[in-house]
Amino acid sequence: MGRVTERRRVMRIRGGAVNTRPDTLVAEEPLEIRLNGRPIAITMRTPGDDFALAAGFLVSEGVLAAASDVRNIVYCAGATDDGRNTYNVVDVQLAPGVPVPDISLERNVYTTSSCGLCGKASLDAVRTTARFPIADTPPVRLAPALLSVLPERLRAAQRVFDSTGGLHAAALFSEDGELLDVREDVGRHNAVDKLVGRALREGLLPLERAVLLVSGRASFELAQKAVMAGIPVLAAVSAPSSLAVDLAAETGLTLVGFLRGPDMNVYAGEHRIAV
């Protein structure tokens, strides 16, 4: 099975001095996700938590809502012509009675920014497919001072980033600021899928009292994944996209961007920020 990190030779130039040495890089390999034996998506990811990644991806697609929806998740033996198992192909087998959606390799779904759908169609797709309407009652209330310390707590938990500097991260926090789970990956969307997939398999969906923090920007795709998991608050250390803000406003998601120390912008769901 692929490793999380790999070593490569690198020429280093520091202060005019040149030397060569091995460098630690984050591993990146393709993962093909199959549903009942049918290929539905390929993503570039950091190996590890592959079953959770596949499950979380299918939560964001509206296919899965509970651990009981899954009969089994397996690596595909004989994934290559010579019959080897590369551990880069995962098959999610649905439980009896769970409907199989019409998803093709052409990606006739709304999950990526390259799907070709207009903004309105993307918003409608999330609204009509979401299994868990955001319903934190009473609403989660977060003080700015609590939010301000979350990025540092996330950074402290990034074990692989310390050795490679090349990973995104996503974390779930409780409404009291307790770190519940953290995942790293070359793709921030994969890191979120791993979090959601782990929560699904542990029977924790919807995550209606959780805060999702991502290490980069907040795209429509990440806002979608938060909404599909029932998460009421999404925070990012960088900027959101316009469609992410539109989705947050429409679904009731609290969206915080540019979260850097005591400074932050609240783009939607201001009622959950205790100012």
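## Exercises on a predicted chain

The chain exposes about 12600 Å², of which carbon and sulfur atoms supply 51%. The model is predicted.

**Exercise 1. Describe the overall make-up of the chain: its secondary structure elements, its buried share and the sequence range of its contacts.**

Solution. 
- Step 1. Begin with the elements: the chain has 7 helices and 12 strands.
- Step 2. Turn to burial: 49% of the 275 residues count as buried.
- Step 3. Consider contacts with a separation of 6 or more: residues 24 or more positions apart account for 52% of them.

**Exercise 2. Determine the strand order of the sheet of 6 strands, identify its edges and locate the helix that packs on it.**

Solution. 
- Step 1. Trace the strands across the open sheet: the order is 8-7-9-10-11-12, and the pairing is mixed.
- Step 2. Find the edges: strand 8 (179-185) and strand 12 (263-268) each have a single partner strand, so one side of each is left without a neighbour in the sheet.
- Step 3. Follow the twist, which averages 20° from one strand to the next.
- Step 4. Examine the pairing of strand 7 (residues 168-174) with strand 8: the two run antiparallel and are joined by 6 bridges. Within this pair, Ala 169 stands opposite Glu 184 of strand 8.
- Step 5. Place the helix: helix 5 (residues 188-201) packs on the sheet and touches strand 7, strand 8 and strand 9 (210-214). The direction of helix 5 makes about 140° with that of strand 8.

**Exercise 3. Carry out the corresponding analysis for the sheet of 4 strands, and then for the hairpin of strand 1 and strand 2.**

Solution. 
- Step 1. The sheet of 4 strands is open, with the order 4-3-6-5 and mixed pairing.
- Step 2. Strand 4 (38-45) and strand 5 (70-75) stand at the edges; each has a single partner strand, so one side of each lacks a neighbour in the sheet.
- Step 3. From one strand to the next, the twist averages 20°.
- Step 4. Strand 5 pairs with strand 6 (residues 89-94) in the antiparallel sense over 5 bridges; Asn 72 has Gln 93 in strand 6 as its bridge partner.
- Step 5. Ile 13 has Val 18 in strand 2 as its bridge partner.
- Step 6. The hairpin has 2 residues between the strands, and Gly 15 takes a positive phi near 60°.

**Exercise 4. Which residues of helix 7 (residues 242-251) are buried, and how are they arranged around the axis?**

Solution. 
- Step 1. The buried residues of helix 7 are Ala 244, Val 245, Leu 247, Ala 248 and Thr 251.
- Step 2. These residues cover an arc of only 160° around the axis, which puts them on the same side of helix 7.
- Step 3. The face turned away from that buried side carries the exposed residues Ser 242 and Ala 249.
- Step 4. Just after helix 7, Gly 252 takes a positive phi of about 90°.

**Exercise 5. Is Asp 136 buried or exposed? Locate this residue and list its polar contacts.**

Solution. 
- Step 1. Asp 136 lies in the loop between helix 2 (119-129) and helix 3 (144-156).
- Step 2. Its relative accessibility is 6%. The cut-off for burial is under 20%, so Asp 136 counts as buried.
- Step 3. A polar atom of the Asp 136 side chain lies 2.8 Å from the backbone nitrogen of Val 140.
- Step 4. The side chain of Asp 136 also makes a polar contact with the side chain of Arg 272 (2.7 Å).
- Step 5. Not counting residues up to four places away in sequence, Asp 136 touches Glu 208, Arg 209, Pro 232 and Arg 272.

Note on methods
Residues numbered from 1 in each chain as written. Predicted model: local features only at pLDDT ≥ 70, side-chain atom pairs only at ≥ 80, totals over all residues. Heavy atoms only, no water. Pairing = 2+ DSSP bridges. Axes fitted to C-alpha atoms, helices over the stretch in contact; angles between N-to-C directions. Contact = heavy atoms within 4.5 Å. Buried < 20%, exposed > 50% of the residue type's maximum accessible area, 1.4 Å probe, protein only. Areas by Shrake-Rupley, 256 points an atom, 1.4 Å probe, with all protein chains shown as cover. Arc of directions from axis to C-beta. Polar contact = N/O pair within 3.5 Å; in protein donor to acceptor, adjacent residues only side chain to side chain.
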